[in-house]
Amino acid sequence: MTAATYNFAYLDEQTKRMIRRAILKGIAIPGYQVPFASREMPMPYGWGTGGVQVTAAILGPDDVLKVIDQGADDTTNAVSIRKFFQRVAGIETTTNTADATIIQTRHRIPETPLQEGQVLVYQVPIPEPLRFLEPRETETRKMHALEEYGLMHVKLYEDIARNGHIATTYAYPVKVEGRYVMDPSPTPKFDNPKMHMSEALQLFGAGREKRIYALPPHTDVVSLDFEDHPFEVQRFDRPCALCGAEQVYLDEVVLDDRGGRMFVCSDSDHCETRQAEGFRGELAGEKLDASTSDRTEEVI
Amino acid sequence: MDAAVTHAFEGGFAEPVLDAQATFRAVMDAMARPARIIEVAPRAAPPASLSPLVGAIACTLIDADTPMWLDPRLGESEAVRAWLSFHTGARLAAAPAEAAFALIADPGEMPPLDRFAQGTQEYPDRSATLILQLDSLEGGAPLTFHGPGIKGEATIAPVSLPADFVRQWTENTKRFPRGVDLILSAGEALACLPRSARLIEVEV
């Protein structure tokens, strides 16, 4: 039986040309949101249609694709996008960060540092960092044109006035090359420093909002802050419960209805690689030592 | 049928989808790493005064949505006009300022950069991309750049740029975020100069 056949990577060639032109302008003006004629994709808005269109426009038969959703390769969004490209482009996929040439991501940057030649494609829901402060596109566009970002600093200041610190923890605004304020997509602010001077090209696609933007490699990306309230990333007071990794971003997993919880790497590939290398966290499920509580054993 | 017209149907991409993708990735890599020379096998065979690589880039990026401007050397060739028209479907722009893409075979005589579409402060992406056909990307006066995409500095020494290119390019980067972007090509090599690439030093 022959399934319906699609053009390589699903999109028609004219659409790819349009997206490719937008990508080139995005690269030439780092942090500026280039409008593009976003297409309907065979998945709903909010499922990464922007990222999928960017990936489809750059993808070639020799590429190796990795897709992550909140850091994990094995959640619904990641699995379906990976399968989509396997089906419409016949390309090789991987879960290993180092093996991938294109990594499409929803809201994480892999813990393994990216290399030259890799492209990180972000799925972006709301590309406009000023949108929740100023709903009118005509106004936000003018604010970008005039480099008028006072409102964003007021927002961060109000955070401090209410909470004593900048309470924004994800989609934390950055300034690119001292010019454009950009939304890094809802990545945890933990990942913001990884965008700065990255070796990899970073492309951002917002399907519903019809915007593409980019960060070339070796680009200056600074998280907004104040002298007396400098930017800080989240810190975790314990290592990953499965692989023992420190200084990585951890997800909280609720274990039972009695307050039991564990913290594990959000980057599933990083965690599995470390476990394969022999690293073990306190809940790794084998060789539990005396320090592990009875209740924890019960849970496992 | 006249020879120019017959020739116009030939010399396009043999594998339109894969050839366009391969050419685009080379251009994207070059745009993301300004002033770095990238080798790419041209996959098109246009008529004489248009180089195979510029022909391939045209087939990759230009279509009916993007008016193109041809410099006099290319524009005077009926064969080139017919070939580009058939393979891209683009209409010719009457003036440089109206073009999304400009194809330039004689860069020494090209109009000043500020004659091309610069975009607006609100929409700086509505600016021209200039595709230059040079004799060589090596052996000319060295130009050293810094900026996004460049680790430290990057130097390129293209031959046959306009005599006052340094002044023109400095003005182009001062207009940021407005400005034009350049794709330089010579033989099977290309390098890009996006408007973000700032010139730091010139040696004679």
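Me: Is R33(B) buried or exposed in this predicted model?
Reply: The model is a predicted one, in which local features need pLDDT of at least 70, side-chain atom pairs count only at pLDDT 80 or more, and totals for chains, interfaces and linings use all residues, while side-chain values use heavy atoms, with hydrogens and water left out. Residues are numbered from 1 along each chain as its sequence is written, and chains are lettered from A and ligands numbered from 1 in the order in which they are written. Buried means under 20% relative accessible area, exposed over 50%, and partly exposed in between, with a 1.4 Å probe and protein chains only. Because R33(B) has a relative accessible area of 8%, R33(B) is buried.

Me: With which residue does R33(B) form a salt bridge?
Reply: A salt bridge is taken as a side-chain nitrogen of Lys or Arg within 4 Å of a carboxyl oxygen of Asp or Glu. The pair crosses between chains, from the loop between α2 and β1 of chain B to the loop between β4 (102-106) and β5 (119-123) of chain A. The closest N and O atoms are 3.8 Å apart, and the partner of R33(B) is E116(A).

Me: How many salt bridges are there between chain B and chain A?
Reply: One of the pairs joins the side chains of E177(A) and R198(B), at 3.5 Å from N to O. Over all chains the structure holds 28 salt bridges, and the count between chain B and chain A is eight.

Me: What area is buried between chain B and chain A?
Reply: Buried area here is the accessible area (1.4 Å probe) that two parts lose on being put together, summed over both. The contact, meaning heavy atoms within 4.5 Å, takes 41 residues from chain B and 41 residues from chain A. Carbon and sulfur atoms give 60% of the buried area, which is about 3,300 Å².

Conventions:
Helices (H or I, at least four residues) and strands (E, at least two) are DSSP runs, numbered from the N terminus.
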